[in-house]
Amino acid sequence: MNYRHAFHAGNFADVHKHVILIAVLDYLLQKPKPILYLDTHAGRGEYDLRSSEAERGNEWQQGIGRVLDAKVESPLLKRYQHVIRHLQSQLHGQHSYPGSPLIAHSILREADRRVFVEANAEECVALRKCMRQQYAHNLTIDDGDGYHALRAYLPPKEKRSVALIDSPFENADEFTQLFKALTAAAERWPIGVYCLWYPLKAGGLVNTFYSALKNSGLNKLLLLELSLRPVDTPLGLNGSGMLIMNPPWQLDEHMRTALRELLPLLAPDGQGSTRVQWLAT
């Protein structure tokens with residue numbers, strides 16, 4: 001795998017993805033029983049926004065750079081700002097951006113179990129180094145295949161779980177792999193919460209993904225999408241999508257409000273759009 005998230009850390013897709021992740025975790029942690037949090041493509045944990053990789057495209061400037069200090073009204077966006085600022089104060093200040101392992105770790109409780117999976121050897125070493133500085137109880141860092149981890153760790157002994165599947169989308173058949181992984185995981189553990197990130201690009205591959213999901217027999221599938229440009233614009237990553245299976249109650253309404261406020265911050269030229277839609281109920 002050649003993918004390095006350091007080139008894209010803190011971009012608009014990270015903001016979109018992490019707002020949703022925090023909202024999902026906050027809701028589930030209202031109940032006292034512990035959960036399993038499984039991150040199948042975890043990355044390195046912390047990203048330096050001054051690194052040569054981050055500076056190559058400066059994508060963070062159009063992402064977290066536009067959102068962190070903005071005046072917002074949505075409770076979900078305020079909560080996201082608070083979590084990121086808190087983690088930056090513990091890391092390397094405003095020049096760092098926390099990945100999903102650190103974000104989840106900062107929210108989860110002592111009794112909750114964390115499993116972070118990262119197949120790239122270099123990124124996994126960096127993740128272990130990063131997490132050594134954190135409280136390490138109930139923490140597993142696995143250097144295996146993220147899709148295989150869904151079979152290995154589900155169903156969870158806690159009987160409650162959240163799985164973030166944030167694939168790098170390097171392979172042409174990644175949507176097919178993602179669909180197979182979700183259906184297999186749902187067969188093993190149908191009541192788990194699954195959060196699947198996917199890119200919105202020209203070419204229509206995501207439409208095949210939608211069709212497969214509609215015909216899969218899976219229930220409670222919610223799409224949460226944010227696009228900076230029309231999806232058929234031939235410019236690479238036009239938008240960011242998250243599919244939530246078994247989403248928390250009223251997540252759709254809360255995210256509709258948050259995305260409506262987030263869109264003009266991330267797409268100030270007015271070409272963007274949002275989508276909150278139930279694919280299956």
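**Helix packing, cysteines and salt bridges**

Helices (H or I, at least four residues) and strands (E, at least two) are DSSP runs, numbered from the N terminus. The model is predicted: local features need pLDDT of at least 70, side-chain atom pairs count only at pLDDT 80 or more, and totals for chains, interfaces and linings use all residues. Residues are numbered from 1 along each chain as its sequence is written, and side-chain values use heavy atoms, with hydrogens and water left out.

Helix α8 comprises 15 residues (174–188) and reaches 21 Å from its first C-alpha to its last, close to the 21 Å expected, where the expected span is 1.5 Å times one less than the number of residues. The buried residues of α8 are E174, F175, L178, A181, L182, A185 and A186. Viewed down the axis of α8, these buried residues fall within an arc of 125 degrees, so they line one face of the helix; the arc is that of the directions from the helix axis to the C-beta atoms. K180 and E187, on the other side of α8, are exposed, that is, over 50% relative accessible area, with partly exposed in between.

Helix α1 (residues 12–28) is mostly covered, with 15 of its 17 residues buried. The end C-alpha atoms of α1 are 25 Å apart, which agrees with the 24 Å that its 17 residues should span.

The structure holds 0 disulfides, a disulfide being a pair of cysteine sulfur atoms within 2.5 Å. The sulfur of C130 is 12 Å from the closest cysteine sulfur, in C124, too far for a bond. C124 is buried at a relative accessible area of 1%, and C130 is buried at 8%.

The structure holds 10 salt bridges, each defined by a side-chain nitrogen of Lys or Arg within 4 Å of a carboxyl oxygen of Asp or Glu. One of them joins R275 and E225, with the closest N and O atoms 3.5 Å apart. R275 lies in strand β10 (residues 273–280) and E225 in strand β8 (residues 221–227), so the pair ties together parts that are 50 residues apart in sequence. R275 is partly exposed at 26% relative accessibility, whereas E225 is buried at 6%. Another salt bridge links E253 with R256 at 2.8 Å; these residues are 3 apart in helix α10 (residues 251–266), about one helical turn.

Technical notes: Buried < 20%, exposed > 50% of the residue type's maximum accessible area, 1.4 Å probe, protein only.
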